[in-house]
Amino acid sequence: MQASNRLIKYTGLFCIIMIFTLVGTTFGQPQRRALPDSSQIVVMVDTLAAKLSFSDSVKSKVNEIYFASFVELKKALDKNRSDFRAMRNTRREITEKREKDVKTLLNDNQKEAFEKIIEEQRNKMRERMRGQRRQF
């Protein structure tokens, strides 16, 4: 009788420990952000500037365009939080506007290189999305 009581106690204790472990690891995982923070935006612009050889004035204008577009995007996403389709369309519209505004600042060679960079980013995103779909 004592052995079965101990077994029940230890099994219960084990279950409680497992629950706390699972809850702790789940909430301890870093959450993916839907939007980049300011330091990530700076890195994005710096990377573009290095790849496309921006002048300082063009780099500062591109920086302003990126910051403004992500502020606008955050407001729009907060407004449409419950409507996934509206969020997706809004994101697409703001991204296209940002790309168009950046292209107006670039010369022909830079525009061509910028298009290649954008296409590479889109392909990477498609691959990530395919990978996420396979997980489920």
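Student: At what angle do α2 and α3 pack, and how far apart are their axes?

Tutor: In this predicted model, local features need pLDDT of at least 70 and side-chain atom pairs count only at pLDDT 80 or more, while totals for chains, interfaces and linings use all residues. Residues are numbered from 1 along each chain as its sequence is written, and side-chain values use heavy atoms, without hydrogens and water. Helices are DSSP runs (H or I, at least four residues) numbered from the N terminus, and axes are lines fitted to C-alpha atoms over the stretch in contact, with angles from 0 to 180 degrees between N-to-C directions. On that basis α2 and α3 pack at about 140°, with their axes 10 Å apart.

Student: Which term describes how α2 and α3 lie to each other?

Tutor: Angles under 35 degrees count as roughly parallel, over 145 as roughly antiparallel, 65 to 115 as roughly perpendicular and the rest as oblique. The angle here is about 140°. α2 and α3 are therefore oblique.

Student: How is α3 oriented to α4?

Tutor: Helix α3 (residues 56–79) and helix α4 (residues 84–103) pack at an angle of about 170°. That makes α3, relative to α4, roughly antiparallel.

Notes
Helices (H or I, at least four residues) and strands (E, at least two) are DSSP runs, numbered from the N terminus.
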